[in-house]
Amino acid sequence: LRVLPPYQGTGVGLKLFERSFDVLNNESPLLSIAEEQIAVFRKLFNYYGFEIAKIYPDYYRPSKAELSFNGLIEQSSILLQDRLVQNNPNSLKIAVR
């Protein structure tokens, strides 16, 4: 999710999160952000009580860390991959990093 700069701080991000929780049927979904985005998301994550689960150095980009909240990226990737295959056995199995 992303809120354009002119709308940041207006409550739009909060509404997007709330709607996403409804759609996902999950009040504490796995989230990951780039380390340089922590200041942008800190207030929102604190509001919901989200805590860093793990820091992944060099996960997507060299010399940059990815931070996961509410779970580990590896577990989610495996579960998502399994769920996709179970829902559509004829689909290609996609490796998600």
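Where is the place of Ser-63? Ser-63 sits in the loop between β2 and β3. The model is a predicted one. This report starts with the overall fold and returns to that loop at the end.

## Overall layout

The protein chain contains three helices and three strands. Along the sequence they follow the pattern α-β-α-β-β-α. The chain has 97 residues, and buried residues make up 25% of them.

Contacts across the sequence matter for the picture too. Take the contacts in the protein chain with a separation of 6 or more: residues 24 or more positions apart account for 46% of them.

## The sheet

Strands of a sheet pair through backbone hydrogen bonds, either parallel or antiparallel. Here three strands form an open sheet, and the pairing is antiparallel. The order is β1-β3-β2. β1 and β2 stand at the edges, each with a single partner strand, so one side of each has no neighbour in the sheet. From one strand to the next, the twist averages 20 degrees.

Strand β1 covers residues 31-34 and pairs with β3 over four bridges, in the antiparallel sense. Ser-32 stands opposite Ser-68 of β3. Ala-34 stands opposite Glu-66 of β3. Strand β2 covers residues 52-57 and runs antiparallel to β3, joined by five bridges. Tyr-56 has Glu-66 in β3 as its bridge partner.

## Strand β3

Strand β3 spans residues 65-69 and is mostly covered. Five of its five residues are buried. Which residues point which way from β3? Ala-65, Leu-67 and Phe-69 point one way. Glu-66 and Ser-68 point the other way. All are buried, Glu-66 and Ser-68 included.

## Helix packing

Two packed helices are described by the angle between their axes and the distance between the axes. Helix α1 is residues 12-24, and helix α2 is residues 38-48. They pack at an angle of about 45 degrees, with axes 11 Å apart. That angle makes α1 oblique to α2. The crossing of the two helices is right-handed.

Which residues make the contact? From α1 come Gly-13, Leu-14, Phe-17, Glu-18 and Phe-21. From α2 come Leu-44, Phe-45, Tyr-47 and Tyr-48. By class, the contact residues divide into seven nonpolar, one polar and one charged.

α2 lies across β1 and β3 and runs at about 150 degrees to β1.

Most residues other than glycine have a negative phi.

Asp-58 lies in the loop between β2 and β3. Asp-58 is not a glycine, yet has a positive phi of about 55 degrees. Is Asp-58 buried, partly exposed or exposed? Asp-58 is partly exposed, because its relative accessible area is 44%.

Ser-63 is in the loop between β2 and β3 as well. The phi of Ser-63 is near 65 degrees, again a positive value in a residue other than glycine. Ser-63 is exposed, because its relative accessible area is 65%, and the cut-off for exposed is over 50%.

Conventions:
Residues numbered from 1 in each chain as written. Predicted model: local features only at pLDDT ≥ 70, side-chain atom pairs only at ≥ 80, totals over all residues. Heavy atoms only, no water. Buried < 20%, exposed > 50% of the residue type's maximum accessible area, 1.4 Å probe, protein only. Pairing = 2+ DSSP bridges. Axes fitted to C-alpha atoms, helices over the stretch in contact; angles between N-to-C directions. Parallel < 35°, antiparallel > 145°, perpendicular 65-115°, else oblique. Left-handed = near helix turned anticlockwise from the far one by under 90°. Contact = heavy atoms within 4.5 Å. Nonpolar A, V, L, I, M, F, W, Y, C, P; charged D, E, K, R; others polar.
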